[in-house]
Amino acid sequence: MNIPVSFEFFPPKTPEGADKLRATRQALYAHRPEFCSVTFGAGGSTQEGTFSTVKAILGEGVAAASHFSCVGATKATVREQLAALRAMGVQRLVALRGDLPSGYGAGGEFHYASDLVTFIRNETGDAFHIEVAAYPEIHPQARSAEADLQAFAAKVRAGADSAITQYFFNADAYFRFVDDVQRLGVRVPVVPGIMPITSSTQLMRFSDACGAEIPRWIRLRLQGFGDDTASIRSFGLDVMTALCDQLRASGVPGIHFYTMNQAAATSEIIRRLKPA
Ligand code: FAD
């Protein structure tokens with residue numbers, strides 16, 4: 001395995017969660033990640049946890065990226081948060097619109113991630129490497145597939161350096177997305193996001209919410225395993241290792257793992273990847 005990897009974590013909510021995440025990070029550092037990123041609750045709801053986790057990663061000598069969502073935010077609050085991140089030594093951001101929980105009025109001074117990318121570039125120049133989100137299977141709120149491609153291209157033209165995809169199980173959707181954005185003149189690396197399969201119910205719930213399609217054969221196999229977690233895990237490792245091997249053979253620029261704060265499945269997939 002000699003492809004750049006990165007790992008995504010979410011900020012822990014309890015001291016026990018923080019201890020567990022510290023152990024997870026230590027286990028995953030063995031794979032020499034290019035960076036580790038930490039999610040950010042829309043509306044700034046996890047700001048403290050996100051920033052303290054980012055700080056902990058930097059303190060462990062590993063490059064850290066803070067996710068940063070702008071829905072509901074004002075220019076003043078974003079300016080303050082950017083200054084705080086720079087003071088911590090953060091050099092990488094994942095710039096997002098985010099989703100407010102239903103019932104929250106959107107408000108705020110940013111409509112789309114492209115507005116945030118423009119603002120960050122205007123305010124901070126080249127201080128940050130900016131990642132944006134990409135949706136090979138099309139963002140669930142997009143007006144059309146073409147509109148979503150154009151929205152992605154707009155984020156890159158606003159100043160993004162690279163992109164990480166929503167997770168997917170169908171490699172063709174990723175390959176088509178990369179071809180399509182290249183035809184629009186977008187040349188930044190688009191790193192596939194990989195979600196290890198460890199729990200069937202959790203995966204179904206997430207996928208329905210974010211618009212990631214679980215192919216029928218995977219869905220039915222998972223349903224067939226019921227509560228048999230060992231079989232779900234073993235099947236998930238086979239499927240995701242095969243997907244990563246296929247992506248790597250096509251020359252992807254890296255692989256980003258949605259670790260769900262767990263090391264075992266991600267580590268095992270990396271360990272199983274065929275030597276290049
Ligand atoms: P945008 O790029 O702004 O797109 C949102 C929608 O608006 C799309 O349907 C797009 O087609 C449309 N659109 C964009 N521009 C225009 C325009 N000018 N006119 C009309 N329509 C337009 N969520 C979190 O809350 N916290 C996180 O930490 C987080 N991390 C993520 C990391 C990755 C790698 C990914 C893929 C997603 C992440 N998300 C996170 C989820 C993300 O916030 C949601 O998918 C959100 O709904 C869209 O955010 P975005 O930045 O992709 O939005």
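Ala95 stands opposite Val132 in S5, and that pair is a handy way into this predicted model. Local features here need pLDDT of at least 70, side-chain atom pairs count only at pLDDT 80 or more, and totals for chains, interfaces and linings use all residues. Residues are numbered from 1 along each chain as its sequence is written, while side-chain values use heavy atoms, leaving out hydrogens and water.

**The sheet**

Strand S4 (residues 92–96) runs parallel to strand S5 (residues 129–134), and four bridges join them. Strands are DSSP E runs of at least two residues and helices are H or I runs of at least four, numbered from the N terminus; two strands pair if DSSP finds at least two bridges between them. Helix H4 (residues 113–124) packs on the sheet, touching strand S3 (64–69), S4 and S5, and its direction makes about 145° with that of S4. Contact here means heavy atoms within 4.5 Å, and angles run from 0 to 180 degrees between N-to-C directions, with axes fitted to C-alpha atoms, for helices over the stretch in contact.

Zooming out, the open sheet has nine strands in the order S7-S6-S5-S4-S3-S2-S1-S9-S8, with parallel pairing. Strand S7 (190–191) and strand S8 (193–194) are the edges, each pairing on one side only.

**The ligand**

Around the ligand sit 23 residues, of which Phe40, Arg97, Asp99, Tyr135 and Asp148 come nearest; a residue is near if one of its heavy atoms lies within 4 Å. By class, 11 are nonpolar, seven polar and five charged. H5 gives the most to this shell, with three residues.

Here are some polar contacts (pairs of N or O atoms within 3.5 Å):

| Residue atom | Distance to a ligand oxygen |
|---|---|
| Gly98, backbone N or O | 3.2 Å |
| His139, polar side-chain atom | 2.8 Å |
| Asp148, side-chain N or O | 2.6 Å |

The protein covers 84% of the 980 Å² of accessible area that the ligand has on its own (Shrake-Rupley method, 1.4 Å probe).

Technical notes: Polar contact = N/O pair within 3.5 Å; in protein donor to acceptor, adjacent residues only side chain to side chain. Nonpolar A, V, L, I, M, F, W, Y, C, P; charged D, E, K, R; others polar.
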